[in-house]
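Here is a set of questions and answers to work through slowly beside the model. Please try each question yourself before reading on.

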Amino acid sequence: MDNFQTVLRFFMNQKATIGYSFMALLTIGGERIFSMVSFQCPCNHDQNFTYGLTFLLGPGLVLLVLGLFFSSRLWRLYSGCCLNPVKLCPGGNCFTCLKVSVKIFFGACVAPIMWLCVALLNGTFYECAVSGLDNNLVLDMFCKNRTLMCREELARVPCSKSKLPSDLNMELLLMFRAQSQVLGWCIITISAVLGLLGTCYTNCRSKVSYLQLTFWKHYVEKEKEQFDTFSMEYASKLAERNLKSFFENREPEIFPFPNHKDWEEISGLYTFSKSEQYYSTLQRYVERDDQRLLP
C-alpha cells in the first residue's frame, strides 16, 4: 500500500510533465494521420503553396483556438467585462490584466507549437508548400546552375512525378526536408530558450520565496479541486431542496447561499501582496468576512 501511494504521489507531482508528454504523443499521432490519410499534395504551381501552408498552419490555429476556449482562466478574466469593463482593470491597474492575458495566450500556444515542430520535422507539408512558390529567391536556391526544366518541374518534385532525373529529384526532395527540419529545430530551440528565460524572469520578480511559491501553487490547485467537489455537492443539495419543496407543495427550507456580490468578489483577479498573506480571492474574502463578523 505504501509503495502504491509513493507511485501515486510521484505521478501527481509530475502531472505537468505527463500532460505535456501526452500532448506531444497526440500531436505526433495526429500529424502522422494527416500525412498518411488526408494529405495529398496537388503538385502544381497554383495550389501547392496554399495547400501545404493550410495543412502546416491550419491545425495549429485550431489547437490555439481550442486552448483558449478551454482555458478557465480566460473566462474567469473576461466574463462580464462587456457589461462592466472596470473588472478588467480593478483599481485602475490594467497591467495585471495584460500580464494574465499574455500568460493565458502563451499557455494556449504550447499545443500549436508542438504541432508546427512535429510537422516541420516530418517535412511533408513544408516541401509541398515551398515547391509551389513562384519566387526567384526560392527558385534560385533550389535550381541554381541547373536547367530551366528544374524551375518548371519543381512543383512536381514532392510527388516524384517530375520529368527530372531520379537522382536530381531525390536531391531536391532531400533539400526540402533538410530545410524543414532545420526550421523545426530552430523553433524548438527558440521556444525552449524563451520558456527558460520567462521562467527565470518570473522567479526573479517573485514577491515570495521559492518554497512559499510552491505552497501557493499547491494551495491554488487544491482550492480548485475542493471548489469543484464542494460546489457539486452544494448544487445537489440545493436542487434536492427545491424539488422537495415543489413536489411536496410546502415552503422551502432556509438554505444559506452566497449573493451576487459575494460571487463577484471571489471571481476577480488576485495579486499577491506582502501586507496581506492571502493566497486567493476566496481566502481574502473569507478572512475579511470573518473579521467583519467579529464583535
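Predicted model: local features only at pLDDT ≥ 70, side-chain atom pairs only at ≥ 80, totals over all residues.

**Bonds and rings**

Q: How many disulfides does a search of the whole structure find?

A: A disulfide is a covalent bond between the sulfur atoms of two cysteines. In the search, a pair of cysteine sulfur atoms within 2.5 Å counts as one. Over the whole structure, the number of disulfides found is three.

Q: How many residues apart in sequence are cysteine 41 and cysteine 128?

A: These two cysteines are joined by a disulfide, S to S 2.1 Å, which is right-handed, with 85° about the S-S bond. Cysteine 41 lies in the loop between helix H2 (15-38) and helix H3 (48-69), whereas cysteine 128 lies in helix H7 (residues 124-131), so the link ties together parts whose separation in residues is 87. Helices here are DSSP runs (H or I, at least four residues), numbered from the N terminus, and the separation asked for is 87.

Q: Where does cysteine 159 lie?

A: Cysteine 43 and cysteine 159 are joined by a disulfide, S to S 1.6 Å, and this link is right-handed, with 85° about the S-S bond. The pair ties together parts that are 116 residues apart in sequence, because cysteine 43 lies in the loop between H2 and H3, while cysteine 159 lies in the loop between helix H9 (148-153) and helix H10 (166-204).

Q: Is the disulfide of cysteine 143 and cysteine 150 right-handed or left-handed?

A: Cysteine 143 and cysteine 150 have their sulfur atoms 2.1 Å apart and form a disulfide, and both of these cysteines are buried. The torsion about their S-S bond is about -70°, so the disulfide is left-handed.

Q: Which cysteine sulfur is nearest to that of cysteine 200?

A: Cysteine 200 is in no disulfide, and the nearest cysteine sulfur, 6.3 Å away, is that of cysteine 204.  Cysteine 200 counts as partly exposed because its relative accessibility is 38%, and cysteine 204 is likewise in no disulfide. The residue asked for, which counts as exposed at 68% relative accessibility, is cysteine 204.

Q: How many aromatic pairs are there?

A: A pair of aromatic rings is described by the distance of the centres and the angle of the planes. Rings of Phe, Tyr and Trp (its six-membered ring) pair if their centres lie within 6.5 Å, and planes under 30 degrees apart count as stacked, over 60 as edge-to-face and the rest as tilted. By this rule, the count of aromatic pairs is 19.

Q: Where does tyrosine 279 lie?

A: Tyrosine 219 and tyrosine 279 form a tilted pair, 6.0 Å centre to centre, with 50° between the planes. The pair ties together parts that are 60 residues apart in sequence, because tyrosine 219 lies in helix H11 (residues 210-247) and tyrosine 279 in the loop between helix H12 (260-266) and helix H13 (281-293).

Q: Is the pair of tyrosine 234 and phenylalanine 257 stacked or edge-to-face?

A: The ring centres of tyrosine 234 and phenylalanine 257 are 6.3 Å apart, and because their planes are at 20° the pair is stacked. Tyrosine 234 is in helix H11 and phenylalanine 257 in the loop between H11 and H12, 23 residues apart. Ring pairs also link these two residues into a cluster with Phe227, Phe230, Phe255 and Trp263. The name for the arrangement of tyrosine 234 and phenylalanine 257 is stacked.

Q: How far apart are the end C-alpha atoms of H11?

A: The expected span of a helix is 1.5 Å times one less than its number of residues. The 38 residues of H11 should therefore span 56 Å, which agrees with the distance between its end C-alpha atoms, 55 Å.

Definitions and conventions: Residues numbered from 1 in each chain as written. Heavy atoms only, no water. Helix = DSSP H or I, 4+ residues; strand = E, 2+ residues; numbered from the N terminus. Buried < 20%, exposed > 50% of the residue type's maximum accessible area, 1.4 Å probe, protein only.
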